[in-house]
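This report describes a single protein model together with its ligand. The sequence and structure are shown first, and the description follows.

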Amino acid sequence: MKAKDILKQMTPYKPGKQIEEVKQEYGLDRIVKLASNENPNGFSSTVKKELPKLISSLEIYPDGYAASLRKKVAGFISVDPDQLIFGNGSDEIVQIICRAFLETGSNTVMAAPTFPQYRHNALIEGAEVRQVPLQDGHHDLDEMLAQIDDQTRVLWLCTPNNPTGVHINHQNLTAFMEECPDHVLVVIDEAYYEYLEADDAFNSLSALDEYANLVVLRTFSKAYGLAGLRIGYGVASKEIIQILEPAREPFNTSTIAQAAAILAIDDQDFIQKSVNENHKNKRALMEFCDANGIGYYDTQANFLLIHLPMSGDEMFEHLLSKGFIVRSGEALGLPDTIRLTIGKAEDMEQIQEAMLQKIAAQVSGER
Ligand SMILES: *Cc1c(COP(=O)(O)O)cnc(C)c1O
């Protein structure tokens, strides 16, 4: 047998620890997962109520065109229906873009660290991956431009960036788009779009009218709380969507996911409440960090990347023993950090206490 050589150098995605696993290992009753930026409030109660009714016709293939959801999203974000492509999570749109645009001999430019799936899928397609280190949590847009050559096909901007939470502001992103050559497809991944509260945020959807080489990614997995159903979408010119469509599996999004997403859009109260609560708890967490001399990146997402006086793995293990699953920065190339999803107020208070314990023990140990 002979598979692609690159696969031998790659590892499968390592998911965050599973709740049941940790419960057993540590003999804990309650585990709080703050590792994958899920919505601590779950998802819309309308979706929960209506979902069982959708179980009736599972023998029928889903609508591969997702016509109803397409119409709904198009109306919701004011674009034409043929400017949309739906995926089994926005992860799948990343994969489709790579399948459609990348191959051996081509290259792709991205920040480091950023969302790992850009690199992962690009490598499988045989493309050269050009990673540009973040500067203080920010995309180094000038250096990213400098990395572009005639073979560059796709450039990825994650805003707010996972794992730093930092966003690219309007002025910088506009200047970047003005400089970026037309032959490069620019993907703006806005998985955390709903949480953005900065008043200088880039309006990516209106930029679609100005730049023909732009794709915007959004998802129902984060603020909408539907990560388990796998549904996300891309928005672009209809020419770009036409290029991507043949690279999409015909029935890639399920009947249930499509229906749930429609209902979820109709419940903007849930989104507003989730976002407001997130902002409040985020500010409290930042104040806690400030009060205790703990550094962090100024996040516009539903997570915070925290700088520690110890390795991320050490803090990860400590928090795990207290019933909190977080992400260690170690695997992300940010060894002395953890990435913490903003959870419910009461859980945040407890995790803050647990972090402080560990930091205090470390500091007194150093003396
Ligand atoms: C979570 C996340 C996604 C993937 O979301 P799905 O729609 O669940 O596949 C995409 N991009 C970033 C930056 C994310 O953090």
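## Basis of the description

In what follows, a residue is called buried if its relative accessible area is under 20%, exposed if that area is over 50%, and partly exposed in between. The structure is a predicted model.

## Two residues with positive phi

Ala66 is not a glycine, yet its phi is positive, at about 50 degrees. This alanine belongs to the loop between helix H2 (45-50) and helix H3 (67-77). Its relative accessible area is 2%, so Ala66 counts as buried, given that the cut-off for burial is under 20%.

Arg230, likewise a residue other than glycine, has a positive phi near 65 degrees. Arg230 sits in the loop between E7 and E8. Because its relative accessibility is 27%, Arg230 is classed as partly exposed.

## The sheet

Seven strands form an open sheet with mixed pairing, in the order E2-E8-E7-E6-E5-E3-E4. Its edges are strand E2 (84-87) and E4, each of which pairs on one side only. On average, neighbouring strands of this sheet are turned by 20 degrees against each other, direction ignored.

An antiparallel pair within the sheet is formed by strand E7 (residues 214-219) and strand E8 (residues 232-236), which are joined by five bridges. Thr219 has Gly232 of E8 as its bridge partner.

## Strand E3 and its neighbours

Strand E3 (residues 107-112) has five of its six residues buried, and it is therefore largely enclosed by the rest of the structure. E3 pairs with strand E4 (residues 128-133) in the parallel sense, over six bridges; in this pairing, Ala111 stands opposite Val132 of E4. E3 also pairs in the parallel sense with strand E5 (residues 152-158), here over three bridges. Asn107 has Thr152 of E5 as its bridge partner.

## Cis peptide bonds

The peptide bond from Ala112 to Pro113 is cis, with omega near -5 degrees.

Pro160 lies in the loop between E5 and helix H7 (170-179).

## Ligand surroundings

The ligand is surrounded by 13 residues, of which Ser90, Tyr192, Thr219, Ser221 and Lys222 are the closest. Among these, Thr219 is also the bridge partner of Gly232 in E8.

For Tyr192, a polar side-chain atom lies 2.6 Å from an oxygen atom of the ligand. For Asn162, a polar side-chain atom lies 2.9 Å from an oxygen atom of the ligand. In the case of Asp189, an N or O atom of the side chain is 2.6 Å from a nitrogen atom of the ligand. Taken alone, the ligand exposes 380 Å², and the protein buries 94% of that area.

Key. Residues numbered from 1 in each chain as written. Predicted model: local features only at pLDDT ≥ 70, side-chain atom pairs only at ≥ 80, totals over all residues. Heavy atoms only, no water. Buried < 20%, exposed > 50% of the residue type's maximum accessible area, 1.4 Å probe, protein only. Helix = DSSP H or I, 4+ residues; strand = E, 2+ residues; numbered from the N terminus. Pairing = 2+ DSSP bridges. Axes fitted to C-alpha atoms, helices over the stretch in contact; angles between N-to-C directions. Near = heavy atom within 4 Å. Polar contact = N/O pair within 3.5 Å; in protein donor to acceptor, adjacent residues only side chain to side chain. Areas by Shrake-Rupley, 256 points an atom, 1.4 Å probe, with all protein chains shown as cover.
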